[in-house]
Amino acid sequence: MQGKASSPLKLVLIVAVPVLLVAGAALAWVFPSASNQGYAPDQPIPFSHKLHAGDNKIACLYCHSGAEKSQHASVPSVGLCMNCHRAVKTESPWIQKLTQAYEKGEPIEWVRIHELPDHVRFTHARHVNAGVTCQTCHGPVETLEKLHQSAPLTMGWCIDCHRGESTPKAILKRKFPGEPNPHGKAVASVNCAVCHY
């Protein structure tokens, strides 16, 4: 009798396991990762952070002025770009495209690179004012000809920093002055409501 009772179970397992494996593989193919790490789209005008932030030492906050005041870092307006490019490299076809947009009052439609889910609240100002450098999350932008998403920007990646596990040493020293090894001590809240709506 036991052989007959186990036959339907065996049949279910023989059918269900391959179906679940195929479904899992299909989901992994469609949704390969929760992270866009490495994403580097072409922009309407090639922009070198290496040239601007690296070689010319233009501070991140000059172009991304919202970063120290608000939730969003802000993308620079065409007018801000024209502060320099009225006189700098005016013969470049890309700067001529920028100038035409400026004269027509049109924005440049930059392709967003760093994007978080709608249910996540990330405030640049809170991090910048706490001493977190742009490079902590965006990588060594001052060395990049073409910007890409350097860090995974996943929940686990953020939580590791908040818990003090991957927090930059300068932040740990400021948060725990005089403490020889503050690694692993929480530096920011891990309360769900802090980052999630």
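This report describes selected local features of a predicted model.

## Salt bridges

The structure holds three salt bridges. One of them joins the side chains of K146 and D42, with an N to O distance of 2.7 Å. K146 is located in the loop between α7 and α8, and D42 in the loop between α1 and α2, so this pair ties together parts that are 104 residues apart in sequence. K146 is partly exposed, at a relative accessible area of 39%, whereas D42 is exposed, at 60%.

Another salt bridge pairs K50 with D55, where the closest N and O atoms are 3.2 Å apart. K50 is partly exposed, with a relative accessibility of 30%, and D55 is partly exposed as well, with 47%. The side chains of K185 and E179 also meet in a salt bridge, 2.7 Å from N to O. K185 has a relative accessible area of 38% and counts as partly exposed; E179, at 30%, is likewise partly exposed.

T167 sits in the loop between α8 (155-162) and α9 (169-175). With a relative accessible area of 8%, T167 falls under the 20% limit and is therefore buried.

The side chain of T167 has a polar atom 2.5 Å from the backbone oxygen of C161. A polar atom of the T167 side chain also lies 3.5 Å from the backbone nitrogen of G164. When neighbours within four places in sequence are set aside, T167 is in contact with D160, C161, L172 and V187.

## Buried side of α4

Helix α4 spans residues 78-85, and V78, C81, M82 and H85 in this helix are buried. These residues cover an arc of only 100° around the axis, which puts them on the same side of α4. The cover over the buried residues of α4 includes α2 (49-55) and α5 (93-104).

## Nonpolar patch on the surface

L9, L13, V17 and L21 form a nonpolar patch on the surface. Together these residues have about 390 Å² of accessible area. L9, one of the residues in the patch, belongs to helix α1, which covers residues 2-30. L9 has a relative accessible area of 52%; the limit for exposed is over 50%, so L9 counts as exposed.

## Positive phi angles

Most residues other than glycine have a negative phi. S74 has a positive phi, near 75°, and is not glycine. S74 is placed in the loop between α3 (60-63) and α4. Its relative accessibility is 32%, so S74 counts as partly exposed.

L153, also a residue other than glycine, has a positive phi near 55°. L153 lies in the loop between α7 (134-138) and α8. The relative accessible area of L153 is 18%, and L153 is buried.

How values were computed. Residues are numbered from 1 along each chain as its sequence is written. This is a predicted model: local features need pLDDT of at least 70, side-chain atom pairs count only at pLDDT 80 or more; totals for chains, interfaces and linings use all residues. Side-chain values use heavy atoms; hydrogens and water are left out. Helices (H or I, at least four residues) and strands (E, at least two) are DSSP runs, numbered from the N terminus. Buried means under 20% relative accessible area, exposed over 50%, partly exposed in between (1.4 Å probe, protein chains only). A polar contact is a pair of N or O atoms within 3.5 Å; within protein, one must be able to donate a hydrogen and the other to accept it, and residues adjacent in sequence count only if both atoms are side-chain atoms. Contact means heavy atoms within 4.5 Å. Patches are made of residues with over 30% relative accessible area and no salt bridge: like charges are joined within 9 Å, nonpolar side chains (Val, Leu, Ile, Met, Phe, Trp, Tyr) within 5 Å. Accessible areas come from the Shrake-Rupley method with a 1.4 Å probe; for residues, only the protein chains shown count as cover. A salt bridge is a side-chain nitrogen of Lys or Arg within 4 Å of a carboxyl oxygen of Asp or Glu. The arc is that of the directions from the helix axis to the C-beta atoms.
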